[in-house]
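Welcome, and take a moment to look over the model below.

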Amino acid sequence: MYRFYIGNGRIEENHVILTGKDVNHIKNVLRMKCGERLLVCTTDGTQYCCKILGFKTTQVITEIESQEQSFVELSIPITLFQGIPKREKMEFVIQKAVELGVFEIVPVMTKRVVVKLEDVKREEKKLARWQAIAESAAKQSGREKIPRIHPIMDWNEALDYSKGLDITMIPYELEKDKGMRNTKEWIQKACTKNSIGIFIGPEGGFEVDEVLMAKAVNVIPISLGRRILRTETAAITTLSILMYELECHIENS
């Protein structure tokens, strides 16, 4: 069943009114008809099964047949701070991070970022595309919510934002001597908190002084093993481990 996302304010009694780009998608791309059913997800995690009643020029009118609280989201929100890699890699990271359950993604300009944004308009165009990729991945994976892609932050801004999270970790190749047991302990500890942050470096990784700055605001360096991983591999590996631990924690509780 096709899935759409709306704000709670667009629910009127037992009807949901779909507007904007969803109208064209339903009418002209999916070619749905009156009587067909679709899923509508709201920002509070409620999922509605709706039947299409009719179409207007800028609206699709649906009737709510049933509703339920869905539980596909991870129990703890994860913020991914991603050092910006080249275009295709960033889009790949966003897609897979959303599929793995990330709550929000913060693109970060670090010292070794190869990509340089020339002006504000170009940045706005990138953000719009990244957000569209997040929405598509959320629909494909049955997410209740579309993760937000933040405006690009520099290193200091990202570190400052991370202070609002309960625990933040930074995979760093020079931490390999501490071993995976140390990583396991921090991952398990993170799964008992209310919010988690993960910093992932771009191609070329982090500068030493960036890691020292992170440590100074209580970001915890961890190892992902004895091999050096590409930026997209490091992001997916870390999120996969967290997803596994959080899902197991729910099943065992």
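One aromatic cluster is formed by Phe81, Trp155, Tyr161, Phe199 and Phe206. The model is predicted: local features need pLDDT of at least 70 and side-chain atom pairs count only at pLDDT 80 or more, while totals for chains, interfaces and linings use all residues. Residues are numbered from 1 along each chain as its sequence is written, and side-chain values use heavy atoms, with hydrogens and water left out.

**Aromatic rings**
- There are four aromatic pairs in the structure, where rings of Phe, Tyr and Trp (its six-membered ring) pair if their centres lie within 6.5 Å, and planes under 30 degrees apart count as stacked, over 60 as edge-to-face and the rest as tilted.
- The ring centres of tryptophan 155 and phenylalanine 206 are 5.3 Å apart with the planes at 50°, so this pair is tilted.
- This pair links distant parts of the chain, 51 residues apart: tryptophan 155 is in helix 4 (residues 155–162) and phenylalanine 206 is in the loop between strand 12 and helix 6 (208–216).
- Helices (H or I, at least four residues) and strands (E, at least two) are DSSP runs, numbered from the N terminus.
- Tryptophan 155 is buried at 7% relative accessible area, and phenylalanine 206 is buried at 4%; buried means under 20%, exposed over 50% and partly exposed in between (1.4 Å probe, protein chains only).

**Pockets**
- A pocket is found on a 1 Å grid over the protein atoms alone, as an open set of points where a 1.4 Å probe fits, with protein on both sides within 12 Å along at least five of seven lines; lining residues have an atom within 4 Å of a point.
- The largest pocket is lined by 23 residues, and Glu173, Ile228, Leu229, Arg230 and Ala234 lie nearest its centre.
- Helix 7 gives the most to this lining, with three residues.
- The second largest pocket is lined by Arg87, Glu91, Arg122, Lys125, Lys126, Arg129 and Trp130.
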